[in-house]
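Morning, everyone. I'll take you through one chain today, from the overall picture down to single residues. Have a look at it first.

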Amino acid sequence: MPNLYLHSLGCNKNLVDSEIMLGRLENYTLCDGPKKADVLIVNTCGFIESAKKESIETILNLHTQRKKDSLLVVTGCLMQRYREELMKALPEVDLFTGVGDFEKIDELILKKQNLFSNSTYLQGENVKRVITGSNSHAFIKISEGCNQSCAFCAIPHFKGRLKSREISSIVKELQSLIGRGYKDFSFIAQDSSSYLFDKGQKDGLLRLIDEVEKLSSIRAARILYLYPSTLSEEVVRKIIASKVFVNYFDMPLQHISDKMLKIMKRGSKKAQILKLLTMMREAKDSFLRTGFIVGHPGEGEEDFNELCEFIESFEFDRISVFGYSKEEDTLAFEMEQVPRKTINARLKILEKIVAKSLEKSFKKEVGQKRLVVCEGESSEGEFFIAGKDLRWDREIDGEILINESECGTLERGQIYECEITQALDTKLLARVLKLA
């Protein structure tokens, strides 16, 4: 069997596409490094400048490490966005494809053929995936594309408009994964709140939640990438009332100043956002994640100060901050730009505020009893067992270090009740009390 090395970059939506490609290439043996691989695949990200640079560097690095007569394949968002330029600029690459043909990757490799379909690939029924990184958690993509027109974002330009999967397709995938032992699911899309809007249904998430709750053996579920202007209070209440969906709310806000929300074409106002956030924060054991862009065209000192004050005063659990990236095919590209020096200075200020907010979130966990998924050896080595709070998404929200157990040897993928004993920087220490 030939050897395969796959490097997936960017978001977890990309990861799902990579897992679909692995499912199509089941006749290959996966290797953990590029030097032995007969086929190397890079699934690229093309969202912002830093991601584009990382993708190009990864491609070139793999080329220098690969063995003679191996096949280097580049796919994904960056390739879709800059098809013509990259095919000329990267003679090191043997095969090129975009975001429309993940399920045909085996045919492309066999035929050694480039392919760029006109539409973005939307997962159908009975698609085999090789889930990576966990034996208990899986990401479920519910739609592709986006109907929003955010001034800073080029994704609709190269991913197209919203296309939602049928609920029946999602349920069948869940049933298959449950049968394989998976019990923890994160539902993802570019704009999850708009699920089924493209089919004229404004209650898509409500219907999805209802169907997921009918399935047995699911211990936890969460919906990622909620969009403020399309998220209804009814959906928030539905999540809070659910016995399957945890009170995990991931809603990238990008800004809080009404002036900036308008310039960024976010479609919502501060008062509306605060109402949703308050509902979320008041829910029992809620966990709030968000993200902000610093230095977007039009952001003045007053807007930035308002953002800083908001982050200091509202208790988020996790916050990502990004310096504005000037991207072609966006409305903001032609706007008067904030100087890069100013953006960098604002980032440093905001990062300090975010660090304090994060520290506060971790400290409030001490003394709490949480359901924790055992994930095997920790990042700190063999002296700790890694755990994930069942509320959290996989990998991005932190790591719980288990250093005591009252129920013997722990099993990877199993859920335990733990007591959080200590907070150390962005890590939590915990003692296992019992099997949950």
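**Overall build**

The chain holds 13 helices and 18 strands. Those are DSSP runs, numbered from the N terminus: helices are H or I of at least four residues, strands are E of at least two. The model is predicted, so local features need pLDDT of at least 70, side-chain atom pairs count only at pLDDT 80 or more, and totals for chains, interfaces and linings use all residues. Residues are numbered from 1 along each chain as its sequence is written, and side-chain values use heavy atoms, with hydrogens and water left out.

Now the size. The C-alpha atoms fill a box of roughly 60 × 55 × 45 Å along the principal axes. The radius of gyration is 22 Å, which agrees with the value near 22 Å for a compact globule of 436 residues. That radius is taken over C-alpha atoms, and the globule rule is 2.2 Å times the number of residues to the power 0.38.

Burial next. Of the 436 residues, 55% count as buried. Buried means under 20% relative accessible area, exposed over 50%, and partly exposed in between, with a 1.4 Å probe and protein chains only.

How are contacts spread along the sequence? Among those between residues at least 6 apart, 71% join residues at least 24 apart. A contact means heavy atoms within 4.5 Å.

Charges: 64 side chains are positive and 66 negative, and the centres of the two sets lie 2 Å apart. Lys and Arg count as positive, Asp and Glu as negative; His and the chain ends are not counted. Each charge is placed at NZ of Lys, CZ of Arg, CG of Asp or CD of Glu.

UniProt, in an unreviewed entry, gives "domain: MTTase N-terminal" for residues 2–114. UniProt positions are in the numbering used here, feature names are shortened, and annotations may be inferred rather than shown by experiment. That span is 43% helix and 19% strand, with its end C-alpha atoms 20 Å apart.

The unreviewed entry also gives "domain: Radical SAM core", covering residues 132–360. Here we have 39% helix and 17% strand, and the end C-alpha atoms lie 32 Å apart.

**The annotated cysteines**

Which residues carry the UniProt feature "binding site"? In the unreviewed entry they are C11, C45 and C77. They are spread over 67 residues of sequence, yet they cluster in space, with a largest C-alpha distance of 10.7 Å.

C11 sits in the loop between β1 (3–8) and α1 (12–24). It is partly exposed, because its relative accessibility is 27%. C45 is in the loop between β3 (39–44) and α2 (49–65). At 12%, C45 counts as buried. Setting aside residues up to four places away in sequence, C45 touches several residues, including L9, G10, N14 and C77.

**Loops to check**

Most residues other than glycine have a negative phi. Y225 is not a glycine, but its phi is positive, about 65°. Y225 falls in the loop between β10 (220–223) and α9 (233–241). D425 also has a positive phi, near 55°. Its loop runs between β17 (415–424) and β18 (427–435). D425 is exposed, with a relative accessible area of 73%.

Last one: G267. Is it buried or exposed? Exposed, at 62% relative accessible area. G267 lies in the loop between α10 (258–263) and α11 (270–282). Beyond its neighbours within four places in sequence, G267 contacts S229, L261 and Q272.
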